[in-house]
Amino acid sequence: PPYDPFLLGGFQRGSGYRIGELLGTEAGLVRGVYMYKLFSLPPVIGKGVYLGGSIEGTRATIGINQLNERQIRPSGSLFVGADTVIGPLYVAYGQVFLKNEGQESVYFLLGIP
């Protein structure tokens with residue numbers, strides 16, 4: 001219903017947009033993620049450290065910025081992540097690949113947002 005919209009934006013949900021920046025009564029997300037294990041961590045700290053990237057496509061029927069409703073917004077991210085005993089830890093850079101919306105974001109996340 002309109003009073004409970006879907007939220008997109010943020011790391012791997014439209015990287016480059018702020019968390020929850022894209023919203024709509026109908027929303028879609030397509031994403032591909034690749035991670036490469038750089039090295040293992042001691043068991044007391046966690047499992048490993050990874051280098052990765054993502055390509056994403058988001059779409060919402062209405063949005064905060066009201067630009068090009070129903071337009072697919074391509075974005076992507078590059079990140080370093082660690083699987084730690086206190087949860088996943090990410091340092092990431094995200095960018096939107098639209099000419100008129102060349103937004104960028106930097107993320108430091110502990111846990112799943």
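A residue counts as buried when its relative accessible area is under 20%, and Phe11, at 7%, is therefore buried. Keep in mind that this is a predicted model. Two things are worth a look here: an open sheet of five strands with antiparallel pairing, and an aromatic cluster made of Phe11, Phe79, Tyr90 and Tyr107.

**The sheet**

- Going across the open sheet, the strand order is E3-E4-E5-E6-E7.
- Strand E3 (27-40) and strand E7 (104-110) sit at the edges, so to speak, each pairing on one side only.
- From one strand to the next, the twist averages 15°.

**Strand pairs around E4**

- E3 and E4 run antiparallel and are joined by 13 bridges.
- If you want a landmark in that pairing, take Leu29, whose bridge partner in E4 is Thr58.
- The link from E3 to E4 is a hairpin through five residues.
- E4 (residues 46-60) also runs antiparallel to E5 (residues 73-84), with twelve bridges between them.
- Over on that side, Gly46 stands opposite Thr84 in E5.

**Aromatic contacts**

- The structure has four aromatic pairs.
- Phe11 and Tyr90 make a tilted one, at 4.9 Å centre to centre and with 50° between the planes.
- Phe11 comes from the loop between strand E1 (6-8) and strand E2 (22-24), while Tyr90 is in strand E6 (residues 87-96), so this pair ties together parts that are 79 residues apart in sequence.
- Phe79 and Tyr90 have ring centres 5.7 Å apart and planes at 80°, which makes the pair edge-to-face, because planes over 60 degrees apart fall in that class.
- With Phe79 in strand E5 and Tyr90 in strand E6, that pair ties together parts eleven residues apart in sequence.
- Phe11, Phe79 and Tyr90 belong to one aromatic cluster, along with Tyr107.

**The nonpolar surface patch**

- Now for the outside: Tyr34, Tyr36, Leu38, Phe39, Leu51 and Val80 form a nonpolar patch on the surface.
- Together these residues have about 620 Å² of accessible area.
- E3 gives the most to the patch, with four residues.
- Leu51, another member of the patch, is found in strand E4.

Notes: Residues are numbered from 1 along each chain as its sequence is written. This is a predicted model: local features need pLDDT of at least 70, side-chain atom pairs count only at pLDDT 80 or more; totals for chains, interfaces and linings use all residues. Side-chain values use heavy atoms; hydrogens and water are left out. Two strands pair if DSSP finds at least two bridges between them. Axes are lines fitted to C-alpha atoms, for helices over the stretch in contact, and angles run from 0 to 180 degrees between N-to-C directions. Patches are made of residues with over 30% relative accessible area and no salt bridge: like charges are joined within 9 Å, nonpolar side chains (Val, Leu, Ile, Met, Phe, Trp, Tyr) within 5 Å. Accessible areas come from the Shrake-Rupley method with a 1.4 Å probe; for residues, only the protein chains shown count as cover. A salt bridge is a side-chain nitrogen of Lys or Arg within 4 Å of a carboxyl oxygen of Asp or Glu. Rings of Phe, Tyr and Trp (its six-membered ring) pair if their centres lie within 6.5 Å; planes under 30 degrees apart count as stacked, over 60 as edge-to-face and the rest as tilted. Buried means under 20% relative accessible area, exposed over 50%, partly exposed in between (1.4 Å probe, protein chains only).
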